[in-house]
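Please read the report below alongside the sequence and the coordinates. It begins with overall dimensions and then turns to single elements.

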Amino acid sequence: MALQTIPAAVVVIGLILYTLLAGADFGAGVWQLSAGGGEHGRRIRDHAHHANAPVWEANHVWLILVITVLWTAYPSVFGAIFSTLAIPIFLAALGIIGRGTSYALQNAANARQRRYIDLSFAAASIVTPYMLGSVIGAIASGRVPPGNALGAEVGSWTSATSILAGLLAVATGAFLAAVFLAADAERLREPDLVESFRGRALLAGVVAGGLAVGGLFVVRADAPRLFDGLTSGWGLVPVVVSGVAGLVSMALVVLRRFTQARLSAALAVAAVIIGWAVAQRPYLLPTTVTIEDAAANDTTMIALIVSLAVGAVVLFPSLVLLFRLTLAGRFDPTSQGPAPVPGGPVTRERRKHAAQTGIGFLITGVVLLTIAEPAVAHIFGLIFLGIAMFAGFRAVGPVELASRPAPEVAGRSLRELLRRPR
Amino acid sequence: MTDILAQDYLLEARQMQALSFVVHIPLVCFGIAFPALVLFVEWRYLRTGDELYRTLARRWSKVLVALFAAGVVTGTILSFELGLLWPNFTATFGEVFGLGFAIEGFSFFLEAIFIGIYVYGWDRLSPRAHFLSGLPIAVAGVVGSFMVIAVNGWMNHPEGFTFENGRVTSSNAARALFGNSYFWHEFIHMYVAGFIVTGFVIAAAYAVYALRGRWGRYERTAFAVPMTAAAVASPVQLLVGDWAAREVAKNQPVKLAAMEGLGQTTKGAALHVVGWYQNGEVVWGLGIPKLLSLLAFHDINSTVQGLDTVPLEDQPPVNVVRYAFQSMVGAGTIMALVAVLFLYLRWRKGTLPASPWFYRAVVLCGPLSIVALLAGWITTEVGRQPWVVYGFMRTEQAVTGASGIPVGYGALAAVYLGLVIAVGWVLVRLSRVPMAEPPDDRIDTVHPLSHVE
């Protein structure tokens, strides 16, 4: 039983982290759109951009993790969700392309071009979370049947629950972003930006909180089973936690204690997702497919859980490093590291025999890979060819080659040659 | 689960998937090889303290991050499409192959984390720490592609599971993915291709500078490093490719028959260059007797399986596969010739070539390398048709039942056109950014010992 549930827990954890981290990146996009013109608007946009640029890719990958775990552990559920909800998922995908493209462009654009890039970036930042939220709404309200595209293509994700979940995703992202950006602005000692984002945090907090509370009534009418799950038994705990943490974070924002507000805001949003997961258990697709129905065979589950554990050991220290550097302000535009220290002079290049080595390994590699038959010989042949390439690179010595004075590249141009016969 | 669905747009779904690969795969090459080149140049900076190398590595890292951003989103689309277009494939076999993507997800994670640290860490980390932060990018790029190709190898040569009544009844994902004898040649062929594509595309960009007369030490270095990588990889790729073809002959004889247009099972089969396949034979082609038997099995009289060994509906579209294969081999051969010429001139003259014709050839090799790459993937993927999991599930059993594929295809094509234009624009812009400090051309002062061999 635990074997079948652990990957589902990983999916929920992945979704929480995606919502908290990438959700805040989306929210920053919303604030870029509403920054307004002029110098102040430009500073708001730049601040939102600088805070995201080093981390957005890592934040985005949580979604990939969720998807891959879902299709490995519960393949039939993945197939059902992605075929029935193809439209919102495809629209979310287009938004993801738009955001990625904007980040790629941002580095090279001038101020005027950046304005247009920001616009498409902000539009994508609203479409993607809305669509992903509406997907969650469709699943939670039991509108995704098992099988290949057997649910309503449009009706499944345009119900009241889906609309609510979509709006909630956009609003919580904006709230998280405003709190996080206010904290970042405080670190950067930009009092006017702190005030701007404080106001935005309060506004978004009221909207998100209103949606969450009002949403309960929508859910009661549209998805009674989900409502029962949220308002009775264990499901009630995360709902209460979310409400309390939300109020606490608003109070902390009012008191300008942004670092603590960050944590309680994150808790408030995470609790919403936990509440949904608890309310829906044991179903993956209410009320047709349970975790146990959909789970892959035990061998796959064990292999997946071991991989996830090993991956986590590598991943979490790396993530901690990234966020420590970011939150300590090491990537801020104003940050300066140690001055570059010139290395010692190169006394001698040991590449005298590289050419001979390369040719020797190349010939042996050809014999072993191309002429010999046994598979073992092929393995050694490939290793030898690899060494031959490495030695060949050293033998050419591109850096030394380029350091030598080179003749101008000159000769007859194509045009001159073509003109000649006349 | 495997009833055939009425999907009118199977071909469009396949084209949409193919389009997504065409945009993503060249970026994968840069993920495999570019970090290694950037780190090589930065390592030269650490060793010599020569600012030129630091400037070059830093500017390349900006290109790297732009290409990585494009790779992130196009890779995400591919993972979405496994559900959007082929839900039945994933629903049926996800438990067998999914693990490969889960591990790939982690390596992608590391790549994303350290690319953030590396690119934003210039000037803000100590030089050594900065260099070290780049190493995981290079490793993760290779591990990630390894995992994806393991899945592809499994699709071509499925094993490690039992299958009854259209359902997987038991599976061993680790054996299916990593115990599979088929995928090694795909991976190594692709790994070497990564260096060829990255090398030639970047070298082509600086060859344009050479032809325009901008040929200082900075440009020469930026040309020589990727050119050397491509030059050592291209000739080796011919050998690896030959080995890969022999593996295909052994494990996927029908694909080999399609690559060579061999209609009937033949003893001492001939190899045909160009021509057109129709009614079970290649017409108007240049035939070389017995060569196919020799290449495939090292014996001029060996028997090569033809397409007639499977029913017509199980045969891939021969001319597509065959022409893709011939394009790859042709392009690969041209690149190998340019590479050998470069190595020969380096050996005989000890300098970079001076003839503009050489640089024109390199400019041509940039797009040619991408043609070879895509043609290679068309060969292996179309050569697997009509199967998605060879011998177990056909593409029409895997496709989604949802409508609207043509609309999605059109939208994706438009968005990807925008993406390609945007990335091209970024690269041109980055290449035109004036340099903060013009790199010193007087090497004797900065780099006194570089003449010493």
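This is a predicted model: local features need pLDDT of at least 70, side-chain atom pairs count only at pLDDT 80 or more; totals for chains, interfaces and linings use all residues.

Residues are numbered from 1 along each chain as its sequence is written, and chains are lettered from A and ligands numbered from 1 in the order in which they are written.

**Chain B overall**

Chain B has 14 helices and 10 strands; helices (H or I, at least four residues) and strands (E, at least two) are DSSP runs, numbered from the N terminus. With a radius of gyration of 24 Å against the 22 Å that the globule rule gives for 453 residues, chain B is as compact as a globular protein of that length. The radius is taken over C-alpha atoms, and the rule is 2.2 Å times the number of residues to the power 0.38. Further values for the chain are tabulated here.

| Property of chain B | Value |
|---|---|
| Span of the C-alpha trace along its principal axes | about 75 × 45 × 40 Å |
| Residues that count as buried | 58% of 453 residues |
| Contacts with a separation of 6 or more that join residues 24 or more positions apart | 77% |

A residue is buried if 20 or more other C-beta atoms lie within 10 Å of its own, exposed if 12 or fewer, and partly exposed in between, with C-beta atoms placed from the backbone. Two residues are in contact if their C-beta atoms, placed in that way, lie within 7 Å.

**Helix H1(B)**

A kink of about 40 degrees lies at B:Ala33, shortly before the proline B:Pro35. This bend is the angle between axes fitted to the seven residues ending there and the seven starting there. B:Gly49 follows H1(B) and has a positive phi, near 75 degrees.

**Hairpin and a buried alanine**

Strands S1 (residues 161–164) and S2 (residues 167–171) of chain B run antiparallel and are joined by four bridges; strands pair if DSSP finds at least two bridges between them. B:Phe161 stands opposite B:Ser171. Two residues lie between the strands, and B:Asn165 takes a positive phi near 50 degrees.

B:Ala361 is in helix H11 (residues 356–382) of chain B. B:Ala361 is buried because 20 other C-beta atoms lie within 10 Å. B:Met335 is 26 residues from B:Ala361 in sequence and 8.9 Å from it in space, C-alpha to C-alpha.

**Chain A domains**

Chain A is assigned domain 1 (2–327) and domain 2 (354–401), with bounds from an automatic or database domain assignment. The C-alpha centres of these domains lie 50 Å apart.
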